[in-house]
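Subject: Handing over the model

Hello,

Here is the structure you are taking over. My notes on it follow below.

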Amino acid sequence: MSHSPQSFNPQRPDAFDALFAVTSDGLLLFDPDGFCQAANPAACDLFQMSSDQLIGCHRRDILTSRSDRGCAEVPGLLGDSGEGWLPRDNGTHCYIDYRTCCNFLDQYDLLILRDITLQKQASQPILSASAENLKSLFERSPFGIILNAMDGQFVEANPAVLTLTGYSLEELKALTYWDLTPEDYADDEAQQLDSLQTRGHYGPYRKEYIHKQGHRIPIEITGVLITGTDGQPYIWSMITNISQRLEAERALEESHIRWQLALEAANIGTWDWNPQTGEITFDPLMKAMLGYEAYELKNHIEEWESRLHPDDLPYINQKLDEHFQGITSTYQSEHRTRCKDGSYKWTLDRGQIVDYNEQGQPIRFLGIYQDIDERKTNELALRRVTQQLQKAQEVAHLGYWSFDVATETLTWSDEVFYIFGMTPDMGEPSFEEHLKVYDPEQRSLVLEHVTKAKEGISQNFDSHFNLPNHETRYINIRIETEWQNQKAIRVFGIIIDITDRHTEEALRASEEKLRSLFELSPLGITFNQIDGKFIEANATFCKMVGYSLSELNALHLRDLTPPNHEDFEAQKLRELQKKGRYGPYQKEYIHKDGHRVPVEITGAQVGNAQDYVWSIIIDITERKQAEAQLQQLLKNSEAKSRELQQAYRELQEAQLQLVQAEKMSSLGQLVAGIAHEINNPISFIYGNLEPASNYAQDLLALIKLYQTHSQEEIPDIQRLSDTIDLDFLVEDFPKIIQSMKMGASRIRDIVTSLRTFSRLDEADCKAVDLHLNLESTLVLLQNRLNGRGGTPEIRVIKQYGNLPPITCYISLLNQVFINLLSNAIDAIEIKQRQRVSPEYQGVITITTTMTSTTEVLITIADNGKGMTAHEQSRLFNPFFTTKPIGQGTGMGLPTSYQIVTQNHGGELGFSSQSGVGSEFHVRLPTTIPNESAVHRHT
């Protein structure tokens, strides 16, 4: 009968293994079912069988199945012992003494067999000469071996025991093991003696011996009960000094505790897998991570595989195969594992094969298991946030950049390339190349901010540049600096494309201005559909007709129009559709309370389909009342009116005389400039041009005739001809005559400009072209503008708008223009003499524009010396001048101020900054207001 041996690996000391192998007694170990699990060499010698033949056999098969065996075995009898015999190959018998120790090791029974053949042949003491081999083992064993009587008296002890306890053999025989046992082990010793008497053995167990010097020695002891030749019971004990083992165990325990604490702190579990059997052991922490109790998961690889996410299996198998094939030194995988509640958790597996069988197959694969669900969740969230951030950057047109100070290398994100009209595959430009995209002014601005950033000052500023397609792009640049060892090593920041925002802000500002103008306008403004339905109306119009905007939205234009105006309204609507505008014309609106409101209306058609109308409405009630009162006043005051007319004429004549005097004063300055231009042309051109031309033609004809008829070359004439380059003279002389004619033309232009400026023959108020008069004034000042006495030329920039004819007293306005332009030239010449910069050039900028349908604006700006605050405060005071003594009367600007404000109802203002320049602006109505002084006295 055979039985497959069970796995036997009890936890036992190494000393027991050595004693089991070298003891002369035969030892057989049986499992609870009675099958042999271990046989020492002495047992194999007694039965003349190998250990493989004995292991796996039942105790009855070994002891009683053969008739030639004289052993008597009664199973189940505790502490059973006896004698018997076994046949030998040489025909003799071997006598044995045997004893059964039940539950010797965790329910394993130990059968002890001793050869007593010699004892049977001749009685001898316990340690006879026939046992020399055993005696030698006893003396040389590194383990302590002692023989005690049942009362504890020491009978024998080997040298190892003497060394362990510090006693000699004679001293030890005078003692009992109770003398060497501390009192705190009394109860344990009593239990072990009970086990010895009941089971025939005790131990292994741990205790302490008291050394001769008094200190304690930790030992591990195992003992068996035997019967001496005297028939008395004795105790054989094997003692091992476990001091070093305890130290190692403590160190190992501490290391294990630290390792376990580290694993628990890091939320790391462990696993142990045998790839050949599929068995895998998970520690409780690993199971707890998945929500299981320690007993709920089977220790098999299939249990683990069944919980892996199907999408992760190919990746896991790939990583395992790479480690099994030796491609990777360790196995590592991040994957999802199903928890007890059905959810999946991200986990990290990391392991390594640590043992192989004889065939080179892996039989032990150790690893750890870590919960990384939170990290993976955060990574996925971070990835999503990063993607969203990148998308947000694309939507917001925001890019990152950095500049390495040491290498002067630029690094751009993709969005920066797109902002500057490039693509990432083009590569970053150098810093110098990048600066070229900005115009000089913006380039200086960027360099200034970068320099400040290198000094540790954070920068946030706006700039702009032009793309190759001439599109202007506006950007916001923010700069920070990274420092190392108090030295700037990197400048970095962001660039935001704010072109849309800049455009929106400009549109918003324009819209706000228009909305403010719409709401605050003293004139009524409405926005209607072409059929007359009200859409928008400002507060002035709502007040004018007595309706709120919501009420007007429910009305049409015809609801506010009296019946007697319907035909006239239809006519104006046709005019609107034909010309795109109507008015101004007068009509009446019906107020909410029923009375009529006289108004004056001007409108224009707007919209892509020309289906909307903007209208401006003026309440002329007061005007109508004033007209009626005026008519009544005129009827009742004809006599008084005639007197007033006479007084007005007298006043007009006096004022005209004053204006004429002022005009002649200004002409004095003009004549000085004109004299310089026309003196020489009058003398040399007008007096001699025509005779010089005739003489020249005659002389040239004579020379030609002479050359035609003279066949002989005269040397003196030929030399003179060569000296004066006669051919060139003949060719160039007509050109000189032509230049003289151009000078004459220039004189005529100057005279014409003088007449235009002075307007001596045009003293009445009339519509004129301001640009023509400005040009005439510039012609008169041309000698000063071109430079005189070595002064540099002054450049004039003209920015003329589209101006209609302006009704004014142009002779007076010309005085204003000559005063303002002369002052500008004086300011520039003073600055030129100060030599502020070799690159300085004087510039005068003249700008004209329509600020509204009833007003024009003329600005004359210069980059001269400018004025101080003190000078500005007294600028229009009579006799005050900013020029050196003797060079100005101090009446030019006061007179100009009076001409603009009183004679034309306009405004004359200025702005100035010392050292930078000045700007004068003249605002003039297109028609002189009724209240102007000149109009009242004309």
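Strand 14 (residues 344-356) and strand 15 (residues 362-371) run antiparallel, joined by nine bridges. Two strands count as paired if DSSP finds at least two bridges between them. Helices (H or I, at least four residues) and strands (E, at least two) are DSSP runs, numbered from the N terminus. Aspartate 349 has tyrosine 369 of strand 15 as its bridge partner. The two strands make a hairpin with five residues between them. There, glycine 360 takes a positive phi near 80°.

Strand 14 also pairs with strand 13 (residues 331-338). That pairing is antiparallel too, over eight bridges. Histidine 335 stands opposite threonine 347 in strand 14. Again there is a hairpin with five residues between the strands. Glycine 342, in the turn, has a positive phi of about 95°.

A word on the source. This is a predicted model, in which local features need pLDDT of at least 70 and side-chain atom pairs count only at pLDDT 80 or more, while totals for chains, interfaces and linings use all residues. Residues are numbered from 1 along each chain as its sequence is written, and side-chain values use heavy atoms, with hydrogens and water left out.

**Confidence**

pLDDT is the predictor's confidence in each residue, from 0 to 100. The protein averages 79, and 80% of the residues score at least 70. Strand 30 (residues 855-862) has the highest confidence, at 94. Helix 33 (residues 933-937) has the lowest, at a mean of 43. Two stretches deserve a note. Over residues 1-13, pLDDT stays under 50, and the model has 17 contacts beyond four places in sequence for them. Over residues 931-938, pLDDT also stays under 50, with 25 such contacts. Contact means heavy atoms within 4.5 Å.

Leucine 27 has isoleucine 112 of strand 5 as its bridge partner.

The other open sheet also has five strands, in the order 22-21-25-24-23. Its pairing is antiparallel. The edge strands are strand 22 (534-537) and strand 23 (581-590), each pairing on one side only. The twist averages 30° from one strand to the next. Strand 23 and strand 24 (residues 596-606) pair in the antiparallel sense over eight bridges. Lysine 587 stands opposite valine 599 in strand 24.

Helix 23 (residues 621-636) packs on this sheet and touches strand 23, strand 24 and strand 25. Its direction makes about 130° with that of strand 24. Helix 22 (residues 566-579) lies across strand 23, strand 24 and strand 25 (612-619). Helix 22 runs at about 155° to strand 23. Axes are lines fitted to C-alpha atoms, for helices over the stretch in contact, and angles run from 0 to 180 degrees between N-to-C directions.

**A helix pair**

Helix 30 (residues 810-834) and helix 32 (residues 892-903) pack at about 140°, with their axes 9 Å apart. That makes helix 30 oblique to helix 32. (Angles under 35 degrees count as roughly parallel, over 145 as roughly antiparallel, 65 to 115 as roughly perpendicular and the rest as oblique.) Residues in the contact include Leu812, Leu813 and Val816 of helix 30 and Leu893, Ile899 and Val900 of helix 32.

Most residues other than glycine have a negative phi, and most peptide bonds are trans. Where are the exceptions? Glycine 203 and proline 204 are joined by a cis peptide bond, with omega about -5°. Proline 204 lies in strand 8 (residues 201-210). The bond from glycine 583 to proline 584 is cis as well, with omega near 0°. Histidine 470 is not a glycine, yet has a positive phi of about 70°. Histidine 470 sits in the loop between strand 18 (459-466) and strand 19 (472-484).

Best wishes
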